[in-house]
Every structure is written in structure tokens, then in C-alpha cells.
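Subject: Structure handover

Hello,

Here is the structure I said I would pass on.

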Amino acid sequence: MPRTAHIRRLFLGVALVYGAAPVGAETLREALVKAYNTNPTITGQRAALRASDENVPIARATGLPSVNATGDYTEFVVTAQNSFIAPPRQAVARANVSIPLYLGGQVRNSVAAAKTRVEGGRATLRGTEADLFTNVVSAYMNVIRDESIVGLNTQNVRVLDVNLQASRDRFQVGDLTRTDVAQSEARLALARAQLQSAQAQLISSRENYIQLVGTPPGTLEPPPVLPHLPDSPASAVTVAIDNNPTLLAAAKERDATRYDIGVARATRLPQISATGGAGYTNYLGSIGKTNGVAAFPNANKTVQGGLSLTLPLFQGGRPAAQVRQAEALSSRAIENVTATERNVISQARSAYAVWRSSEQVIQSSETAVNANKLSLEGVRAENSVGTRTILDILNAEQELLNSQVTLVTARRDAYVAGFALLAAMGQAEARDLGLDGGVLYDPVANYTRVSHKIWDFGGDGEPAAVATSTAQSPAQDAHVQPQSDPLLATPVDRNPALTTGMDAPSRR
């Protein structure tokens with residue numbers, strides 16, 4: 001299956017999934033589109049690629065004709081007395097043209113190296129897109145996870161606070177001991193600490209979202225399912241080695257350094273150029289006359305043409321040093337390919353392992369949540385007949401909370417790892433995701449526009465910022481929509497008190 005078709009279904013069903021989304025809700029697709037259009041990391045990499053495109057016409061210019069013109073005006077303050085022509089002033093204009101005929105392969109190799117690096121730059125841009133999208137997905141899922149955790153902890157604090165008030169009331173009438181109240185106070189204090197930590201983490205996640213996407217997160221919709229993930233780490237590695245953009249960029253740089261060796265070797269080979277020129281000299285009427293007739297003309301013209309041969313004989317060892325340097329850099333590029341390949345293999349296998357592990361954690365956590373709900377109901381029932389204490393109920397509620405937090409965390413980890421796996425396989429870029437936020441950036445268009453330009457005058461105008469600033473975005477808080485789990489919305493101890501707190505003797 002073609003690589004673009006292999007993952008294009010990633011957001012194919014988003015319109016159906018989000019068709020009934022609330023007004024103002026933001027989808028993962030929309031977040032990715034915003035980052036693709038306004039994130040400074042990717043816009044900066046596009047500018048870097050455009051700069052790399054210009055190396056092709058720069059390299060090609062060395063093999064094209066060069067034309068220059070010069071002009072001189074000279075006043076001879078002191079002239080030689082034995083000169084037949086000693087004009088006090090003269091003006092000279094010259095025009096010269098040089099056409100390289102043979103440069104030892106320097107131009108050919110320079111152009112080939114520049115083109116290869118342009119291809120590598122395009123692969124680097126693909127890698128930047130994949131890394132950015134992976135970070136956006138991670139930030140998106142972090143906000144969803146942390147909002148859920150804050151909601152769960154908020155509800156836990158609310159329930160424990162109500163429970164503490166009830167425990168104090170029952171203590172007043174002698175229905176509970178001081179130990180029961182202390183246990184409730186300790187558990188509430190711990191819950192509040194956990195809530196503060198969760199709120200701080202949510203604020204951090206929301207701020208990181210703004211950094212990547214450029215706008216604050218609103219109500220985030222659940223992401224679509226990731227399709228066609230590999231069935232084994234071996235298959236993931238096979239696809240990654242063929243398609244990972246970072247590995248492709250390293251391979252292109254390796255290929256470019258081979259051309260650099262040819263450029264270095266060309267400096268010790270003969271160079272042949274065709275030359276031509278024309279000159280015009282005017283003595284500005286300063287040559288004297290004899291019997292009213294000038295002995296020499298006051299102006300003359302010259303035209304010349306020929307061949308120029310440069311044969312390097314000795315350059316102090318510089319060409320050999322340049323060749324050795326280019327060979328060493330090529331050796332480094334070869335090693336970088338191996339290092340990048342190792343990193344890609346590690347990324348693919350690690351992402352696959354985390355994804356599979358998180359999927360299993362999700363299943364286990366769902367089972368644990370259901371079991372803990374049943375356990376909580378059972379502990380409460382046993383407490384009603386006196387076989388369980390309030391501490392047992394508090395522990396059961398804490399275990400339920402912990403399993404719920406583990407579940408939302410595992411769901412986040414599984415999705416982020418799955419997307420990272422697609423990125424490692426080279427299948428998580430803008431052209432793969434089918435983003436519909438406008439025309440996708442075409443890195444070939446600029447190269448086509450500039451690669452054969454030979455005019456010396458021109459430019460693209462004063463650069464202006466493309467990415468958006470977040471200086472005016474509001475500081476984020478930890479506010480979330482309140483959650484309500486009926487199981488947790490009831491008092492910890494549901495046994496009827498002997499009397500109410502208001503009727504207790506100490507309250508009269």
C-alpha cells in the first residue's frame with residue numbers, strides 16, 4: 001500500500017466523529033492545522049529550506065559567463081620627460097567577459113551537492129512536521145488527561161469534605177471516635193494536596209498547548225482512532241527504515257559529501273576559460289599638436305579575445321588538505337547515517353512497546369475501575385452491618401480514584417505512543433494527515449522558482465513574521481467542568497446517625 005494511502009485514513013472519519021461536536025469545541029485536526037500554519041518551528045524550517053534552495057543557483061553561477069566593466073580617470077601630476085606621449089590626463093573604460101570551459105568538475109559536483117542537500121532539506125522539513133505534530137498530539141492529550149485528573153480529584157475533595165463534616169457531627173453525639181475524625185481529616189488533606197498538584201500540572205499542560213498551537217485550548221474533543229498501526233515491532237522498523245524523514249535526510253547529507261570530495265579534488269586540476277574584452281582610452285585632448293596636427297590620436301580602442309589556462313603546480317598542500325577534510329566529513333556523514341538508523345529503530349521499537357503496553361494497561365485499568373466500584377459498594381454495605389470501618393471506605397474510594405487516574409493516563413500514553421510510532425515510520429506528516437486548513441506548503445515550488453535564475457538583481461522583499469505571537473494570550477488556570485460520579489457523590493458513611501449534629505447536646 002502506498003505510504004500516503006497507508007495513513008490517510010487517520011482523520012478520514014473525523015467529520016463523522018466530530019459532526020455533533022458542541023459549538024466552540026476544538027478537534028485534534030483543528031489544533032494540528034493551527035500549528036502547521038503558525039508554529040515558528042515549522043515556519044522557520046521552511047525559511048531554512050528556501051535558503052538551501054539558493055545554493056543551487058549559487059553553485060551553478062560558477063560555471064556561467066561573467067561580465068564586468070571598469071572605468072578609470074587619471075591625472076598625471078608628474079610625467080616622464082623621455083616619454084613621446086606624456087598626456088596630463090586620461091579616461092579609460094574596459095569591458096571583460098570570461099567563459100569557463102573546464103574547471104575540473106568543480107561546477108558539476110557543486111551543483112550536484114547543492115541539489116542533494118535540497119532534497120535532504122525537504123526530508124528535514126518532513127521530520128520537523130512529524131515532530132511538531134507529535135508534540136501537538138502529546139500536548140492535546142495532556143490537556144485532556146489533566147482535565148480529567150483535576151475533575152476526579154475535585155470530586156474526591158468535595159466528597160471527603162462532606163464526609164469530614166458528617167464525621168464531626170457524629171463524633172459530637174458519640175457515634176464515632178476521634179480516630180475516625182482524624183482519619184477523615186488526614187484523607188481530606190491528602191486529597192487537597194493531590195488536587196493542587198493536579199491543577200498545577202493542568203496549567204502547565206495548557207500553557208504548553210499554547211506554545212505549540214498558538215491559541216489557548218478550549219473544550220477539546222476526544223481524538224479519532226489511530227488506524228493501521230503495525231502488528232509487530234519488526235514491521236514497524238521495516239517501514240521506518242524506508243520512510244523515516246530524519247534517516248532520509250542523513251542519507252542525503254552523506255551523498256552530498258561525496259560530491260564535496262569531487263569539488264575539493266577539482267582545485268588541483270587545470271582550468272580553462274575563454275576570455276574577451278574591449279577597452280576605450282581617451283586622453284581628453286591633452287596630447288599636444290604639431291603644426292596644428294596631433295602627433296598621436298587623443299582616443300583609441302582595443303578589442304581582444306583568447307583562451308586562459310591555469311595549471312596549478314604548487315599550492316602549499318592546500319588542495320590535498322581540502323580533499324582529506326572532505327573525505328573526513330564524508331566519513332562522519334556515513335557514521336551519522338548509522339547513528340540515525342539506530343535512533344530510528346530504537347524510536348520505532350520503543351513507541352511500539354509503549355503503545356502495546358498502554359493498551360494492556362487500559363484493559364487492566366478498566367477492569368480495576370469496575371472492580372473498585374464493586375468493592376466500594378461492598379465495603380459500604382459491610383460498614384452498614386458493622387464489619388467495616390470508615391477507614392476501609394476511605395481506602396476503597398482512594399483505590400477507585402487511583403485506578404481512574406491510571407486509566408486516563410494510560411489512554412493518553414497509548415494514543416501519544418501510537419502517533420509517535422506513526423511518526424517514526426514516516427507516516428505522520430501534513431500530506432499524510434489530510435489537513436484541510438488550506439493549501440499545504442509546497443517545498444518544491446520555491447526551488448522551481450529560483451533554481452535557474454541568473455539575473456543579478458532581485459529579491460523576495462523584506463522578511464516578515466509568519467508565526468503568531470502568544471504574548472497576548474491569557475494566563476491559564478485550572479478550571480474544569482465539574483464531574484459527577486454517582487457512586488462517589490454519596491457520603492462515605494451512609495449509616496443513619498443516632499441523632500443529627502444540630503440536635504447534639506453540645507450544639508444546644
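The notes below start with the chain as a whole, then take up a pocket, a helix and several single residues.

Overall

The model is a predicted one. The chain contains 13 helices and six strands. It has 508 residues, and 40% of them count as buried. Among contacts in the chain with a separation of 6 or more, 85% are between residues 24 or more positions apart.

The second largest pocket

This pocket has a volume of about 490 Å³. Its lining is made up of 21 residues, and those nearest the centre are K453, I454, W455, D456 and F457. By type, the lining residues comprise 10 nonpolar, five polar and six charged.

Three elements each supply at least two residues of the lining: α5 (55-61), β1 (66-75) and α13 (443-450). Of the elements, α5 gives the most, with four residues.

Helix α13

As noted, α13 is one of the elements that supply at least two residues to the lining of the second largest pocket. Which residues of α13 are buried? They are P443, N446, Y447 and V450. These four cover an arc of only 100° around the axis, so they sit on the same side of α13. What do the buried residues of α13 pack against? Their partners are α4 (40-53), α5 and α6 (106-172).

The N-terminal end of α13 is capped by D442, with a side-chain oxygen 3.1 Å from the backbone nitrogen of V444.

T448 also belongs to α13. Is T448 buried or exposed? Its relative accessibility is 56%, and the cut-off for exposed is over 50%, so T448 counts as exposed. The C-alpha atoms of T448 and D53 are separated by 9.0 Å, although the two residues are 395 residues apart along the chain.

Leaving out residues up to four places away in sequence, S167 touches L176, V181, S184 and I390.

Helix α9 and residue V263

V263 is part of α9, which spans residues 245-266. With a relative accessible area of 19%, V263 is buried; the cut-off is under 20%. Which residues does V263 touch, not counting those up to four places away in sequence? They are Q106, N109 and S110. G105 is 158 residues from V263 in sequence, and the C-alpha to C-alpha distance between the two is 6.9 Å.

Helix α10 and residue E327

E327 is found in α10, residues 318-384. Its relative accessibility is 35%, so E327 counts as partly exposed. Not counting residues up to four places away in sequence, E327 touches I261 and R265. E327 and T257 are 70 residues apart in sequence, with 7.8 Å between their C-alpha atoms.

Strand β6 and residue S308

S308 lies in β6, which covers residues 299-310. At 31% relative accessibility, S308 counts as partly exposed. Leaving aside neighbours within four places in sequence, S308 is in contact with Q271, I272, S273 and T275. For T275, the C-alpha separation from S308 is 6.7 Å, and the two are 33 residues apart along the chain.

Points to look at in the viewer

- The residues nearest the centre of the second largest pocket, K453, I454, W455, D456 and F457.
- The cap at the N-terminal end of α13, from D442 to the backbone nitrogen of V444.
- The contacts of S167 with L176, V181, S184 and I390.

Regards

Technical notes:
Residues are numbered from 1 along each chain as its sequence is written. This is a predicted model: local features need pLDDT of at least 70, side-chain atom pairs count only at pLDDT 80 or more; totals for chains, interfaces and linings use all residues. Side-chain values use heavy atoms; hydrogens and water are left out. On a 1 Å grid over the protein atoms alone, a cavity is a set of points where a 1.4 Å probe fits but cannot get out, and a pocket is an open set with protein on both sides within 12 Å along at least five of seven lines; lining residues have an atom within 4 Å of a point. Grid points are joined across faces, edges and corners, and a volume is the space filled by probe spheres set on the points. Ala, Val, Leu, Ile, Met, Phe, Trp, Tyr, Cys and Pro count as nonpolar, Asp, Glu, Lys and Arg as charged, and the others, Gly among them, as polar. Buried means under 20% relative accessible area, exposed over 50%, partly exposed in between (1.4 Å probe, protein chains only). The arc is that of the directions from the helix axis to the C-beta atoms. Contact means heavy atoms within 4.5 Å. A polar contact is a pair of N or O atoms within 3.5 Å; within protein, one must be able to donate a hydrogen and the other to accept it, and residues adjacent in sequence count only if both atoms are side-chain atoms.
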